[in-house]
Amino acid sequence: MLIFEHSRPGRRNHSQSPATSAVADKIPQNLLRKTQPLLPEVSEMDTVRHYTRLSQMNFSIDTEFYPLGSCTMKYNPRACNSLAMLPQYLARHPLAPEDTGQGYLACMYDLQEILKDVTGMAGVSLTPMAGAQGELIGVMMIRAYHESRGDKSRTEIIVPDAAHGTNPATAVMCGFKVVEIATDKEGNVDMAALKAAVGPKTAGLMLTNPSTLGVFEKNVSEMSRIVHQAGGLLYYDGANLNAVLGKVKPGDMGFDVIHINLHKTFSTPHGGGGPGSAPVGVAERLLPFMPVPIVGHEDGRYYWVTEKEKPQSIGRLSAHMGNAGVLLRAYIYVRLLGRDGMHRVAEFATLNANYLMTALREAGFELAYPSRRASHEFIVSLKNIKEKTGVTAMNLAKRLLDKGYHAPTTYFPTLVPECLLIEPAETESKETLDAFVVAMKEILTEIEEQPDMVKDAPHTMPLRKLDDVKAARELDLAWKPHSE
Amino acid sequence: MSIPTHLKYTKSHEWVKPEEDGTVTIGITHHAQELLGDMVFVELPQTGRKLEKKEECAVVESVKAAADVYAPIGGEAIAANPDLESEPEKINEDAYSAWLFKLKPDNASDLDDLLSAADYEKLLENEDH
C-alpha cells in the first residue's frame, strides 16, 4: 500500500506542517503553480506506521543474511555511523576555510594515505561519488595520459566478457571502442585471446580481480606484461577488492589505475542507490591527471590541492570533495580495523566463501568452476536442475526468501547459465552459514519432491510471485489518484 | 534442439537467412532466446545505417539481462522488424520467424564465413562442456 492510499482529505500532521502564512509575493506570477501539489494527507501516526511497516517488510543486512555476490553486503559497524554523525562533522560547511576544518582534512588525508598503502598505488583521490563515476574517471585518466604523450592512435579498451557491464559502458562513454575477450574453461581470461587483442590501438585493459566468476586471475602478472609491452595501461575494477584486501595489492599486480568501492569493501551502507564513494588510485605516471580536490599535508597543516597545483588534472567531479559522510564512515572503519584487521577481512571473506562452497557442493549443488578455489564468492549453476525439473535459479532465489534469506545474485555473470553468485562476506558466523546450507538443502529436496511449489515461490512474503515480465513490459511507476 | 538447416549462424548466436534478392535477414537463435528468457525490449538499427562485421547494432533485453546483437557481416541496414517494439515476446514464441533486421551485404561472399547448422550445433555442444 502506498502512502497516497492512506490519504484522507483534510487529515493533517500539524506538528510538522510548514507555516502557511508565508507570503510568496517576490516570486514572479508565471512561476507560481496554479494547482495544489499532489501530497498525501495523513496524520503523524499514519506516517510512522506506514514507514515502520515498510521497513519491516524489507530484507536488509541488519535483519537477514544477505549473500548478494559481487556486492559485498557486509555488516556496517555502528561506530562508523555514530562517529561520522558527530555534530562537528554534520555542521561543517564545505566552503569553510582550511583553518577551521583541519580535523576533517586530517581524516581525509589519512584516508588517502591508508588507501594508498592497502592498494599499493602512488596517489589517491577521494572525490568520485559512485563506482561508475570512479570507473569513468579512471578511464578518462588513461585517455588523458595517452593524449599528453601525443599518442592519438590508441582507440581501444579491452574488456573480458566476464566483466561488470559498467566496464564496457565506461569505455564507450570515454570514446573508446570495446574489444571483448573470452574466458577459458577454468574461469581465467583466455591468454591467446588477450595476445590477439593487444596492439598499437590498445589504450588499456579493464580487469576485475578476483573476477566476477569468483576466481583469482592466475595470469595477472603475465597479462600486465603483455598490455604494458603493447603500450596500454591496466585498469583495476575494485568491485571484488574485499577478497584480497591488504593481501595482494593492485599496484603490485601491475595496475596503473584503480577504483575502490568504499560502499562495498570499506563498510559504508549501500544497496539503496547511494550515496556511494569510489576513490581512484593511480600509479606514478598518472599522478598529474588525478581529479581534484585532493588533500595535501605540509608542515603540520592540511590544505586543498586544486587545479592550481595540478594543471593537468582531468578536473572536478562535483563542487566539493565527494560524499563527505561516506568518506568519514570509511575512515573510521579503516582506523577500527588497522592493517592487520584488513588482512583478516580478506582471510575470513575467503574462508567463509570456500566453507560455504564446499558445504553446498556436498549438499548436491553443482559448481560452475569446481576445480577452482573460491575467492570471496562462487557460482552455483542450476542448469541441470532446470533441465530435469524446470525449476530455475530465479525460482530458488524466491524460495530462499520464504526461508528468511536474501537471495544471492541471480543470472550474473551472464556467462554461466542459471547461476547464483553467492558471497557470504567476512562478517557472518559459521552458524549462519550452516543454517543457510540447511535451507538450501531443504529447497533441493523440495525441488525433487514438489517442484511446482518451488516454482510458485515465494509463499510467505507480503506479496506472492510477481509477474516480472508484465512489470518490465508495462512500466507503471507514477501513482495517480483514481479520480484522474 | 531447434537449428533449421537452411540458415547460417554466428558464434554470437545470430541466425542469418540469405534472401533471393541478395539481402539477408537476421535474428537471434532459439538457443539465445532460451538463455535470455522472457523478452521485454528490443532496440533495432536505423534503416540506412552502415554496419561493419561484428559491430554492435541491436539490443535484446529480457527480464534477466540485456544482450548486444552483432552484425554477422558488413552491410547497410535496410529494414527493422516493426512488430517487435510492441511484441518482443514474439522472439520467445518463434525465434526463427521473429526477425530483427535486414541487411544489404557489402560483399555477398562474406556469407561463406558464417557457420552452417552443423557447425552451430557443434558450437552449442562445446558450450555445454
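These exercises, each with a worked solution, walk through a predicted model.

**Exercise 1. Find the largest nonpolar core and say what contributes to it.**

Solution. 
- The largest nonpolar core has 123 residues. A:Leu111, A:Tyr235 and A:Val257 have the most contacts inside it.
- Helix H11(A) supplies the largest share of this core, 18 residues.
- Now zoom in on A:Leu111. Leaving out residues up to four places away in sequence, A:Leu111 touches A:Leu126, A:Leu327, A:Ala330, A:Tyr331 and A:Val334.
- Another core, of 31 residues, lies apart from the largest one. B:Met39, B:Ala71, B:Ile73 and B:Ile91 are among its residues.

**Exercise 2. Work out the strand order of the four-stranded open sheet in chain A, and find the helix that packs on it.**

Solution. 
- Read the order. It is S10-S11-S13-S12 in chain A, with antiparallel pairing.
- Identify the edges. Strand S10 (366–367) and strand S12 (409–410) of chain A each pair on one side only.
- Check one pairing. Two bridges join S12(A) to strand S13 (residues 419–422) of chain A. In this pairing, A:Thr409 stands opposite A:Leu421.

**Exercise 3. Is A:Ala197 buried or exposed?**

Solution. 
- Locate the residue. A:Ala197 sits in helix H7 (residues 191–197) of chain A.
- Apply the cut-off. A residue is buried if 20 or more other C-beta atoms lie within 10 Å of its own.
- A:Ala197 has 22 C-beta neighbours inside 10 Å, so A:Ala197 counts as buried.
- Name its contacts. Not counting residues up to four places away in sequence, A:Ala197 touches A:Ile158, A:Val179 and A:Ile181.
- Take A:Ile181 from that list. A:Ile181 and A:Ala197 are 16 residues apart along the chain, yet their C-alpha atoms are separated by 7.5 Å.

**Exercise 4. Trace the two hairpins of chain B.**

Solution. 
- Begin with strand S1 (residues 8–9) and strand S2 (residues 14–18) of chain B. They run antiparallel, joined by two bridges. B:Lys8 has B:Val16 as its bridge partner.
- Four residues lie between S1(B) and S2(B) in this hairpin. In the turn, B:His13 has a positive phi of about 70 degrees.
- Move on to strand S3 (residues 24–28) of chain B. Five bridges join S2(B) to S3(B), again antiparallel. Here B:Pro18 stands opposite B:Val24.
- Five residues lie between S2(B) and S3(B) in this hairpin. B:Gly22 in the turn has a positive phi of about 90 degrees.

**Exercise 5. How many residues of chain A are in contact with chain B?**

Solution. 
- Count both sides. Seven residues of chain A are in contact with six residues of chain B.
- Sort the chain A side. It has four nonpolar, one polar and two charged residues.

How values were computed:
Residues are numbered from 1 along each chain as its sequence is written. Chains are lettered from A and ligands numbered from 1 in the order in which they are written. This is a predicted model: local features need pLDDT of at least 70, side-chain atom pairs count only at pLDDT 80 or more; totals for chains, interfaces and linings use all residues. Two strands pair if DSSP finds at least two bridges between them. Two residues are in contact if their C-beta atoms, placed from the backbone, lie within 7 Å. Axes are lines fitted to C-alpha atoms, for helices over the stretch in contact, and angles run from 0 to 180 degrees between N-to-C directions. Ala, Val, Leu, Ile, Met, Phe, Trp, Tyr, Cys and Pro count as nonpolar, Asp, Glu, Lys and Arg as charged, and the others, Gly among them, as polar. A nonpolar core is a set of buried Ala, Val, Leu, Ile, Met, Phe, Trp, Tyr and Cys residues joined through C-beta atoms within 7 Å. A residue is buried if 20 or more other C-beta atoms lie within 10 Å of its own, exposed if 12 or fewer, and partly exposed in between; C-beta atoms are placed from the backbone.
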